[in-house]
Amino acid sequence: MVTVNLGMLHYILDHVYGAFVHRTKISPPFFSRGWGGTKLELLESLISQLFPEVEGQNWPPSLIQPVWKTVWETQNACLREGVFRTPCDEQLLSALPPESHNARVAFLVPKSVPPQNMACVVHLAGTGDHTFERRLRLGGPLLKQNIATMVLESPFYGQRRPMLQRGAKLLCVSDLLLLGRATIEEARSLLYWLDSEAGFGKMGVCGLSMGGVHAAMVGSLHPTPVATLPFLSPHSAVVAFCEGILKHATAWEALREDLAAKEAAMTLEEVRQRMRNVLSLTDVTRFPLPKNPNAIIFVAATDDGYIPKHSVLELQKAWPGSEVRWVTGGHVSSFLLHNDEFRKAIVDGLNRLEWKESLL
């Protein structure tokens with residue numbers, strides 16, 4: 001009788017999927033246009049301002065005013081789509097491609113329940129998640145538990161994708177930092193809108209993979225307690241692009257040539273080290289502990305070809321009081337098969353928050 005190591009199969013599936021998507025010529029690699037020049041320097045300086053050692057980093061979110069249209073409505077629920085100007089400051093705005101200046105959201109809400117008795121979770125996009133559908137499917141069943149879903153279309157994705165970019169393959173390293181910094185601003189503003197304008201009683205933020213890294217950052221920087229729910233997420237983009245499968249999808253040669261034209265000739269290993277240094281700005285363990293650590297739940301996969309276990313454990317260690325839950329599978333299989341576990345984490349994280357005091 002042959003015994004099959006299921007964990008190894010999941011891990012291999014990640015690598016087969018990664019080889020098909022990232023090593024074939026179906027799509028270009030990440031960062032084919034290099035580092036991003038002066039934009040990269042700007043982003044490095046703007047992101048380092050988020051760390052706790054920088055005085056005053058917990059700046060208040062900007063108020064936004066989305067313009068809404070109803071997509072559909074039933075007896076029990078309503079789906080609306082909203083558009084708002086990204087709340088990024090002028091420096092960030094000038095760095096963002098024009099296509100990304102307006103943010104888009106989908107908002108799925110139970111009806112006949114006062115907002116102060118409902119929770120809402122902002123769902124952030126994983127790598128390559130260009131549409132609202134997958135995240136609406138994740139949030140849809142939670143309507144029955146009076147949990148609304150707010151889905152943000154990322155900068156550089158969907159209708160916000162720059163004309164020259166193919167798929168999710170960002171053209172420059174600076175675009176990755178810009179995407180993250182703008183997503184943080186927009187998600188914090190959405191949470192603030194849900195709290196101050198819509199009057200929800202509890203809020204959370206979640207995301208898969210890259211979206212989970214951004215969710216952790218948003219939960220960390222938000223001025224009030226929110227449930228913070230990163231799923232299948234590393235502690236830093238260094239792990240994804242320098243250790244996991246995405247290292248095979250990175251244009252290392254183009255990055256080396258870009259550096260050689262500006263600075264000096266480098267070996268590929270030196271280029272990879274430069275990438276590690278730049279992406280260390282995305283290290284969530286450098287961010288402050290969220291206001292309610294008990295409402296942080298990480299869901300990680302046992303055999304993830306993209307995210308090694310040590311990366312998840314570093315997050316838990318940096319944020320005492322947080323919980324890690326393991327699902328059996330790899331990155332791709334868990335993404336497809338474990339939505340119920342992600343939903344349970346959302347419910348449990350929200351249950352660990354206090355209801356907001358009503359002003360009435």
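This is a predicted model: local features need pLDDT of at least 70, side-chain atom pairs count only at pLDDT 80 or more; totals for chains, interfaces and linings use all residues.
Residues are numbered from 1 along each chain as its sequence is written, and side-chain values use heavy atoms, with hydrogens and water left out.

Colleague: Where is Asn-146 found, and what is its phi?

Modeller: Asn-146 sits in the loop between helix H4 (133–139) and strand E5 (147–152), where helices (H or I, at least four residues) and strands (E, at least two) are DSSP runs numbered from the N terminus. Most residues other than glycine have a negative phi. Asn-146 is not a glycine, yet its phi is positive, at about 60°.

Colleague: Is Ser-209 buried or exposed?

Modeller: Ser-209 lies in the loop between strand E6 (202–208) and helix H6 (210–221). Buried means under 20% relative accessible area, exposed over 50%, and partly exposed in between, with a 1.4 Å probe and protein chains only. Because its relative accessibility is 17%, Ser-209 counts as buried.

Colleague: Why is strand E8 described as largely enclosed by the rest of the structure?

Modeller: From E8, Ile-297, Val-299 and Ala-301 point one way, whereas Phe-298 and Ala-300 point the other way. The strand is largely enclosed because, of its five residues, the number buried is five.

Colleague: Which residue in E9 is the bridge partner of Ile-297?

Modeller: Five bridges join E8 to strand E9 (residues 323–327), and the two run parallel; strands pair if DSSP finds at least two bridges between them. In E9, the partner of Ile-297 is Glu-323.
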